[in-house]
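Hi,

Here is the structure I promised to pass on. Please open it alongside this note; my findings follow below.

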There are 4 protein chains.
Amino acid sequence: MYYDLVVKQFKERGVEIEDIANLVYELQKAYVSYLTYEVCHEAVVGVLNKREVQHAIMTGIAIDMAVENDEIRGPLKEIINRDEGLYGIDEIIALSICNVYGTIALTNFGYVDKLKPGIIGKVDKAGKRLDKCNTFLDDLVGAVAAAAASRIAHGGNNKID
Amino acid sequence: MYYDLVVKQFKERGVEIEDIANLVYELQKAYVSYLTYEVCHEAVVGVLNKREVQHAIMTGIAIDMAVENDEIRGPLKEIINRDEGLYGIDEIIALSICNVYGTIALTNFGYVDKLKPGIIGKVDKAGKRLDKCNTFLDDLVGAVAAAAASRIAHGGNNKID
Amino acid sequence: MYYDLVVKQFKERGVEIEDIANLVYELQKAYVSYLTYEVCHEAVVGVLNKREVQHAIMTGIAIDMAVENDEIRGPLKEIINRDEGLYGIDEIIALSICNVYGTIALTNFGYVDKLKPGIIGKVDKAGKRLDKCNTFLDDLVGAVAAAAASRIAHGGNNKID
Amino acid sequence: MYYDLVVKQFKERGVEIEDIANLVYELQKAYVSYLTYEVCHEAVVGVLNKREVQHAIMTGIAIDMAVENDEIRGPLKEIINRDEGLYGIDEIIALSICNVYGTIALTNFGYVDKLKPGIIGKVDKAGKRLDKCNTFLDDLVGAVAAAAASRIAHGGNNKID
């Protein structure tokens, strides 16, 4: 329903579908023989077509932007802007993306959240600029990649769904 | 750390600690003999002193207010403002409050979320006014009550924590 | 993959698909106009066709039976056999069924877990016999019903999947 | 309550508290200056003293043993014995340990579940022997380590609890 909108929002915040598909490829290439980039791209598109995923992305990006625009203020602004390790709500919203794809998605998310490969590290670093906040964005990207990897692991794009 | 702040924010949005303590009493009275209102009040204060709980409350209320202030726009504003049953992110953030108190908190939350007793129904109804948005608030209140009830069930205020 | 097996195991433990479909009908009739029993039955079948759901059911029933057969011993046997409110692992496994169906499934589960309507109450009561253990079974049945209700709420059997 | 029992069960299955404390040290040393092994050991003991954690460990090990003893049979025995990547219930039970320690525990678990450092890899490998099943054990160990690391990150052993 909001697929085009979330793709546009990701793009405006510096994330292309291609970046996420590349992450998925790195995550799954050791486990799936004959894995191609195309399969990864298709899996990302499949994940982004889910309503719950779209809601999570739209909400997380809205919070990042409200912090940048000084519409969220006080201690919460500081906590989110500094991307405090103990904040936790960014991961909570991201995990809601993983939940619908089973436990493989959850463990993949923990892995990329810790190592911050590819676009995740780039987004995380860009968010450290004074006028930028990507606290939710990097986790959302990691969760979409983790979910897409799980989608592939579940034996084709249409097995778990 | 932010106990005073979340109590103040709840109050400004129409929720008193007493309202939540009353919910807890209703939830637990059938299971705990000699349950008193004071024990329920103390359990609510205990829950509100947890950092993860404070983060969840501050974030949820910030989103409700950003919707009221037209700082969140587009389809997301409509989805949140209408409190769409399929939105889900309000419950996700509320469930992060329950998570730290175990599965009794989760099932209690499901129960109050469905029946909307006491202050939850009041907050839910108030949020239907055109200029108000309590989409996150009612779930946060339900989650704090459910967590406090679980805290009591776990045999005193200091067993699970 | 194991659809026939879990239906057979449910039957052997006293639960028919029809019982679960009736629960779903009760849960959703207030929200969906023109809801029919057939739609509920179809939703239950859809849920039981998911691999993660099958794994949860097979595991939970195996634990109940291992307790009955004295293959699980010591304090754990006592905890499970008494269906201790603080045990929690029965709900944890049941919640893994709900997870893949989003937050509506989670709150529905909390509701039925607390009220124990229809077959859930029957299974729960049967498990109190000295030679029977249904500690996991009642939660599994509740979770399947909650997940099926959520499947219907998500607008047809093929929207969230 | 069952602290001594779970320590004994871990030992009988080849896992010492020291092994887990070492994992915690590796997980947290990059984040906490002046981290000592003693602090990690104390955090593991703290985690193992929680009732929900004890229930998860006792249940997981009971399932592993029921598989070894041929008390769980049929397809479920095969699925668990092969530690099938899509089984998921082992991670579900392990994640219930992480839940009470917040999102840092969840992401740490994902990380160790994927990389299998130290004792986790050893347990995982031992479980591949024909007469052994450690499908739940390796995840339980990883979850306890992840939870203990989170406990330390939350600023001392008594902050989140």
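Predicted model: local features only at pLDDT ≥ 70, side-chain atom pairs only at ≥ 80, totals over all residues.

**Chain B with chain C**

The contact draws 21 residues from chain B and 21 residues from chain C. Together the two chains bury about 1,600 Å². Of that area, 71% lies on carbon and sulfur atoms. I looked for charge pairing across this interface, and the count between chain B and chain C is 0 salt bridges. Polar contacts do turn up: 2 residue pairs, with both residues at pLDDT 80 or more.

Which elements of chain B give two or more residues to the side that touches chain C? They are helix 6 (89-99) and helix 7 (103-115) of chain B. Helix 7 of chain B has the largest share, with 11 residues. Sorted by class, the side of chain B that touches chain C holds 11 nonpolar, 7 polar and 3 charged residues.

**Chain A with chain B**

Now the other contact. Chain A gives 21 residues and chain B gives 21 residues. The buried area between chain A and chain B is about 2,100 Å², and 74% of it is on carbon and sulfur atoms.

Three helices of chain A each supply at least two residues to the side that touches chain B: helix 4 (51-68), helix 5 (74-81) and helix 6 (89-99). Helix 4 of chain A gives the most, with 7 residues. By class, this side of chain A has 15 nonpolar, 3 polar and 3 charged residues.

How are chain A and chain B related? A rotation of 180 degrees with 0.0 Å of shift along its axis superposes chain A on chain B, at an RMSD of 0.0 Å. That is the relation of a two-fold axis. The copies meet through the same surface, because 100% of the interface residues of chain A are also interface residues in chain B.

**Aromatic pairs**

How many aromatic pairs does the structure hold over all chains? The total is 6. One of them is worth a look in the viewer. Tyr87(C) and Phe136(C) form an edge-to-face pair. Their rings sit 6.0 Å apart, centre to centre, with 80 degrees between the planes. The pair links distant parts of the chain, as its two residues are 49 residues apart. Tyr87(C) is in the loop between helix 5 (74-81) and helix 6 (89-99) of chain C. Phe136(C) is in helix 9 (residues 135-153) of chain C.

That is what I have for now.

Best wishes

Terms used. Residues numbered from 1 in each chain as written. Chains lettered and ligands numbered in written order. Heavy atoms only, no water. Contact = heavy atoms within 4.5 Å. Buried area = accessible area lost by both parts, 1.4 Å probe. Helix = DSSP H or I, 4+ residues; strand = E, 2+ residues; numbered from the N terminus. Nonpolar A, V, L, I, M, F, W, Y, C, P; charged D, E, K, R; others polar. Least-squares fit on C-alpha atoms with pLDDT ≥ 70 in both. Phe/Tyr/Trp six-rings, centres within 6.5 Å; stacked < 30°, edge-to-face > 60°. Salt bridge = Lys/Arg side-chain N within 4 Å of Asp/Glu carboxyl O. Polar contact = N/O pair within 3.5 Å; in protein donor to acceptor, adjacent residues only side chain to side chain.
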